[in-house]
Structure formats: C-alpha cells, structure tokens
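Me: Could you walk me through this one with a few questions and answers? I am new to reading structures.

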Amino acid sequence: MRYSYEQYNQILAEELCPCAFLDLDTFDQNLDFLEKSMEPTGKKVRIGTKSLRVPALIQRALQRPIFNGAFLFHPNEIKYLQEKYHISDYELAYPILTTVEAELCSEAIKRYPQTQIHIIVDSITYLKVLENAATKFGV
C-alpha cells in the first residue's frame with residue numbers, strides 16, 4: 001500500500017523528532033523493481049552498505065537472489081559482513097589509503113580465501129600499500 005505525504009504526516013504526528021521511519025512495503029517494492037530490472041541481464045547486484053546501514057534491511061535484501069556482495073564505505077566492515085551474512089564479494093567505494101586498511105582487506109582474504117575484494121586505486125603509491133599487506137598475510 002502506498003501512502004501519501006499527508007498520510008505519513010498523520011502516522012508520524014505523535015512521534016518525537018528527529019526519528020527514523022521506513023515504509024517496508026515501499027522498500028520491498030524497490031527490491032522487486034531492481035530484481036525484475038536486473039534479472040534479464042543475468043548480473044548480480046552488490047548491496048550498497050555504504051548507504052544502507054541497517055543490518056535488518058541488509059539481511060532483507062540479501063534474501064533476494066539478485067543480490068550478491070556488498071559495496072562498502074570502509075574495509076573495517078568486511079569482517080562483520082563475512083561473519084554475519086557470509087558475503088564473499090566486496091567493492092570498496094573509496095581508495096585504500098593506509099596500511100591498516102590494506103591489512104583489513106588482506107586479513108579478510110586470509111580468513112576466507114574465497115573472498116574477492118575490488119578496490120579502486122587512484123595512485124601507484126596505494127598499490128604498493130596493498131601489495132605489502134598482501135605479502136605480509138600471504139594472499
């Protein structure tokens with residue numbers, strides 16, 4: 001069921017603000033739309049955990065066969081997502097800048113060798129940081 005702006009105002013009239021509100025029917029309709037749009041391509045979609053930050057909603061989306069993997073804000077999310085949702089495919093939204101970040105990626109691959117992490121690189125310097133971390137962890 002779709003609600004109008006006025007109906008949402010009425011539903012939330014007694015709530016203290018700020019508050020968070022999500023229409024699960026609309027969320028599911030968006031998942032349906034994405035699933036139907038992508039199905040003919042045979043491609044999978046990574047969940048944008050850099051934007052969708054609610055674990056219950058991540059889980060809800062991952063129940064759909066179209067979703068496979070996560071589009072991350074930071075590599076410190078990987079261990080949690082590996083353990084909680086058994087995700088093995090990741091793309092980082094931003095380049096790896098530090099040894100700590102690079103080592104988080106290498107640790108994830110060492111922990112679960114089937115893990116694939118796609119990293120955006122905009123400098124040769126960062127490739128060296130990644131290479132050093134991979135060597136350190138033997139991945």
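Me: How many aromatic pairs does a search of the whole structure find?
Reply: This is a predicted model, where local features need pLDDT of at least 70, side-chain atom pairs count only at pLDDT 80 or more, and totals for chains, interfaces and linings use all residues. Residues are numbered from 1 along each chain as its sequence is written, and side-chain values use heavy atoms, leaving out hydrogens and water. Rings of Phe, Tyr and Trp (its six-membered ring) pair if their centres lie within 6.5 Å; planes under 30 degrees apart are stacked, over 60 edge-to-face and the rest tilted. Searching the whole structure on that basis gives four.

Me: Which arrangement do Tyr-8 and Phe-21 have?
Reply: Their centres are 5.4 Å apart. The angle between the planes is 70°, so with the over-60 cut-off the pair is edge-to-face.

Me: Which parts of the chain does this pair of Tyr-8 and Phe-21 tie together?
Reply: The two residues are 13 apart in sequence. Helices here are DSSP runs of H or I with at least four residues, strands are runs of E with at least two, and both are numbered from the N terminus.

Me: Is Phe-21 buried, exposed or partly exposed?
Reply: Buried means under 20% relative accessible area and exposed means over 50%, with partly exposed in between (1.4 Å probe, protein chains only). Phe-21 has 40% relative accessibility, so Phe-21 counts as partly exposed.
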